[in-house]
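Hi everyone, thanks for coming.

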2 protein chains.
Amino acid sequence: MHTPLYSGYFILFSTQHLFMLKLLRKYSEENNTILCFGIDPRFEDIIPIHPIARVQSPEERIMNYYFEITDKLLEENQIAAIKPNYAYFAQYGFLGMSALKNIIQRYKNKTLIILDAKRGDIGKSSEAYATELYDFWGADGSTVSPYMGADSVKPFLRKNKLTYMLCRTSNKGAKDFEELSCNGKKLYEYVAEKSLEWGCGLVVGATSDSIKKIVSITKNKVPLLIPGVGSQGGDLKMVLESIKDNLSIHRINSSSGISYAYKKSKKYSDQPVEAALEECNKLNKKIREYL
Amino acid sequence: MHTPLYSGYFILFSTQHLFMLKLLRKYSEENNTILCFGIDPRFEDIIPIHPIARVQSPEERIMNYYFEITDKLLEENQIAAIKPNYAYFAQYGFLGMSALKNIIQRYKNKTLIILDAKRGDIGKSSEAYATELYDFWGADGSTVSPYMGADSVKPFLRKNKLTYMLCRTSNKGAKDFEELSCNGKKLYEYVAEKSLEWGCGLVVGATSDSIKKIVSITKNKVPLLIPGVGSQGGDLKMVLESIKDNLSIHRINSSSGISYAYKKSKKYSDQPVEAALEECNKLNKKIREYL
């Protein structure tokens, strides 16, 4: 069993955290990007890449679709992390989970694997979740909800692992609680402050101009995971301007915008791999202006 | 596919919600209790019930341990719900998940099954999580984190299903964010207010005297799921006093306090089933003074 680092947060921040920053920078420099590929399988959008795919099992359909796209994106140095979202696999039960396991195994040590599972419970239950995410699934990183506080988040802050705490998310509901004003400060600002103390990263939606405030609170030293630049319509230029002086520790995520790029591509409307590559090229062109 | 009830919250609260209140009351009246049995498997605490258990697979060890205890508790009318906690199963990977699936299948329609998975993501991802919890696992109810707001919670509010939103939890970290004062009101009070608007239940720890305030905000009409009376040392009498005038819609949960009662029992130190029954009898003696 691994020992979670429960105490000495400052030490954690300056050793374990520095290790993760180094790893984030390594993959970023190797691929000259901070793009993260979000993996959200939906049967209805997964079209056959090769004719043989028509006779595959549902599990093979998911795996092969993402294997083909991810292999290509890694080969072409288009991405510096992948982010499978647990919900989209688990909705298909054991066959979806088996596909998730195979995807993580295939890319282990080839890129950074952030398992987006938004876990969080009381301390001893969060320990069980950390065992699930890191030891069973084999992820390098995870996402966690801050709501239940310190003992809920800390079991995820394990040596050589990266935890992103939800901060200001990209959805409409973010205004319900995250934007509440508490003693003159917004709830998400408290969460951002805690990330410095606890030594974790933050999830910040690209659709929100709160990103500038969060970068200022964290002195641009806390790694951000930034979803929402694709189908959710976030502003990539604004994001890049906000984080540009320490770009390589951050990750900008696009999920269905890459996976299902074929749906919007004129040239590659029946070629998901080529369409995904085209979309990444487009995003990376902007990202590389800042790297 | 089931259609999540996205709109008409007042209607939802007065029809779907009334259905669930009826179901909560039914199981409560049939068993003359509001006790919920929390299922948190930990290998190190699962001791053989019969000598044959020594040669079982790890998966069978979990299942048989909980089958024997739960069968007995249902037979003796000691419980009105079970609450498997996802974390404790998932920490053992596919074999733990398979045990979870078998436990849910065995008790489906025999008692209320609340799958404690503390999910929550942006709207379309929460829809996938709701499909996981209700359609794949087959749960009657779920727990969800409020942090990301309305579109994160609403996909779980499905017809004939019960969703409990985290409100004021029983752990130490609850003070970090849940207790933050926002415009003179605490964050958890905002969450409690939203439960009335959205039509969901609330998770409220028994260790907190905030339970009285929450019952007052919700006019004791919103079902509470109350963990923390067992090993966490919550005050059962205070809890019962707070909810007594509408007792049957609520559930008081004990997990390891029941499962691993043998560890504290003088009489049944090597008999987990009898020790669990003894513990439930003790809790129900107090609960039944109010029913």
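How many salt bridges does the structure hold over all chains? The count is 38. Keep in mind that this is a predicted model.

Let me pick out a few of those pairs. In chain A, Asp116(A) makes a salt bridge with Lys118(A), and their closest N and O atoms are 2.8 Å apart. Are these two buried or exposed? Asp116(A) has a relative accessibility of 3%, so it counts as buried. Lys118(A) is buried as well, because its relative accessible area is 7%, and the cut-off for buried is under 20%. The pair is also part of a network of salt bridges that links Lys83(A), Asp116(A), Lys118(A) and Asp121(B).

Now over to chain B. Glu241(B) forms a salt bridge with Lys244(B), with 2.9 Å between the closest N and O atoms. Here Glu241(B) is partly exposed at 35% relative accessible area, and Lys244(B) counts as partly exposed too, at 41%. Another one is Glu179(B) with Lys186(B), again with closest N and O atoms 2.9 Å apart. Lys186(B) is partly exposed, with 28% relative accessible area.

Okay, on to the sheet in chain B. What order do its strands take? It's an open sheet of 8 strands, paired in parallel, and you read it as β2-β1-β10-β9-β8-β5-β4-β3. At the edges stand β2 (81-84) and β3 (114-119) of chain B; each has a single partner strand, so one side of each has no neighbour in the sheet. On average, neighbouring strands are turned by 30 degrees against each other, ignoring direction.

If you zoom in on β1 of chain B, residues 35-39, you'll find 4 bridges joining it to β2(B), and the two run parallel. Within that pairing, Phe37(B) has Ile82(B) as its bridge partner.

Helix α5 of chain B, residues 93-107, lies across β1, β2 and β3 of chain B, and runs at about 170 degrees to β2(B). Helix α11 of chain B, residues 236-243, touches β9 (224-226) and β10 (251-254) of chain B, with its direction at about 165 degrees to that of β10(B).

Last stop, the inside. The largest nonpolar core has 210 residues, and among those with the most contacts inside it are Trp137(A) and Leu202(B). Which residues does Leu202(B) touch, leaving aside neighbours within four places in sequence? They include Tyr164(B), Met165(B), Val191(B), Ile214(B) and Leu225(B).

Technical notes: Residues are numbered from 1 along each chain as its sequence is written. Chains are lettered from A and ligands numbered from 1 in the order in which they are written. This is a predicted model: local features need pLDDT of at least 70, side-chain atom pairs count only at pLDDT 80 or more; totals for chains, interfaces and linings use all residues. Side-chain values use heavy atoms; hydrogens and water are left out. Two strands pair if DSSP finds at least two bridges between them. Axes are lines fitted to C-alpha atoms, for helices over the stretch in contact, and angles run from 0 to 180 degrees between N-to-C directions. Contact means heavy atoms within 4.5 Å. A nonpolar core is a set of buried Ala, Val, Leu, Ile, Met, Phe, Trp, Tyr and Cys residues joined through side-chain atoms within 4.5 Å. Buried means under 20% relative accessible area, exposed over 50%, partly exposed in between (1.4 Å probe, protein chains only). A salt bridge is a side-chain nitrogen of Lys or Arg within 4 Å of a carboxyl oxygen of Asp or Glu.
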